[in-house]
Amino acid sequence: SMDTDKYRSTSVPIDVTVTSDRETVASRGEYTPAGDGFVLTFSIGDGKYEITHGESDTVLSVGGLLSYTISFAAAGAVTVASLFGDIELEVEPISRRVERNGDTIVVSLCYALTIGGTRTERDVTVTARAI
């Protein structure tokens, strides 16, 4: 018989709730184990989000009208691609916390964005629950 495990996806469908300082949004997505961590992918409106979490770093990638990637391992400059051209901004990771509880993962990310001298702190909590 063929080894079907090799072809089976390890992704698990998830219900996602994203709570930020602005709003709370529900979505659907996928959880995929990866190395010592996992990848969460989901969409909100036109935006596609990917959180890659491992022991040494958590990376938030956003694709859509504004596209950018934030690494929580170190502060740095980030180029945001927008319809109006590239925007340069500084990202300062403040905290990352990941909690697992049964079939639920909660990722809490806090970071500051500085654009044109204006610093804004953002708090985002992503709750992913296996469907």
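Colleague: How many salt bridges does a search of the whole structure find?

Modeller: The search turns up four salt bridges. The cut-off is a side-chain nitrogen of Lys or Arg within 4 Å of a carboxyl oxygen of Asp or Glu.

Colleague: What kind of model is this, and how are residues numbered?

Modeller: It is a predicted model, where local features need pLDDT of at least 70, side-chain atom pairs count only at pLDDT 80 or more, and totals for chains, interfaces and linings use all residues. Residues are numbered from 1 along each chain as its sequence is written, and side-chain values use heavy atoms, with hydrogens and water left out.

Colleague: Back to the salt bridges. Which residue does Arg-119 pair with?

Modeller: One partner is Glu-92, with the closest N and O atoms 3.1 Å apart. That pair links distant parts of the chain. Arg-119 sits in strand β10 (residues 118-130) and Glu-92 in strand β8, 27 residues apart. Strands here are DSSP runs of E, at least two residues, numbered from the N terminus.

Colleague: What about Glu-121?

Modeller: Glu-121 also forms a salt bridge with Arg-119, the closest N and O atoms being 3.3 Å apart. Shared partners join Glu-92, Arg-119 and Glu-121 into one network.

Colleague: How accessible are Arg-119, Glu-92 and Glu-121?

Modeller: Arg-119 has a relative accessible area of 44%, so it is partly exposed. Glu-92 is at 34%, also partly exposed. Glu-121 is partly exposed at 43%. For the classes, buried means under 20% relative accessible area, exposed means over 50%, and partly exposed is in between (1.4 Å probe, protein chains only).

Colleague: And which residue meets Glu-99?

Modeller: Arg-97 does, in a salt bridge of 2.8 Å, N to O. Glu-99 is partly exposed at 39% relative accessibility.

Colleague: Switching to rings. How many aromatic pairs does the structure hold?

Modeller: Three. Rings of Phe, Tyr and Trp (its six-membered ring) pair if their centres lie within 6.5 Å. Planes under 30 degrees apart count as stacked, over 60 as edge-to-face, and the rest as tilted.

Colleague: What do Phe-42 and Tyr-49 form?

Modeller: A stacked pair, 5.5 Å centre to centre, with 5° between the planes. Phe-42 is buried at 5% relative accessibility. Tyr-49 is partly exposed at 25%.

Colleague: Why is the Phe-72 and Tyr-111 pair put in its class?

Modeller: The planes are at 80° and the centres 5.9 Å apart, so the pair is edge-to-face. This pair links distant parts of the chain. Phe-72 is in the loop between β6 (68-71) and β7, while Tyr-111 is in strand β9 (residues 104-115), 39 residues apart. Both Phe-72 and Tyr-111 are buried.

Colleague: Which residues touch the most other members in the largest nonpolar core?

Modeller: Leu-40, Leu-60, Ile-70, Val-107, Tyr-111 and Val-126, out of 25 residues. A nonpolar core is a set of buried Ala, Val, Leu, Ile, Met, Phe, Trp, Tyr and Cys residues joined through side-chain atoms within 4.5 Å.

Colleague: Which strands supply it?

Modeller: β1 (12-20), β3, β5, β6, β7, β8, β9 and β10 each supply at least two residues of this core. β9 gives the most, with five.

Colleague: Now the sheet. How do β3 and β4 pair?

Modeller: Strand β3 (residues 37-44) and strand β4 (residues 47-53) are antiparallel over seven bridges. Pairing takes at least two DSSP bridges between the strands. Ser-43 has Lys-48 in β4 as its bridge partner. The two strands form a hairpin with two residues between them. Gly-45 in the turn has a positive phi of about 60°.

Colleague: And β4 with β5?

Modeller: β4 and strand β5 (residues 58-63) are antiparallel too, over six bridges. Tyr-49 has Val-62 in β5 as its bridge partner. A hairpin of four residues joins β4 to β5.

Colleague: Is Ile-51 buried or exposed?

Modeller: Buried, at 0% relative accessibility. Ile-51 lies in strand β4. Its C-alpha atom is separated by 9.7 Å from that of Thr-69, 18 residues apart along the chain.

Colleague: Last one. Where does Leu-83 lie?

Modeller: In the loop between β7 (76-82) and β8 (85-101). Leu-83 is exposed, with a relative accessible area of 67%.
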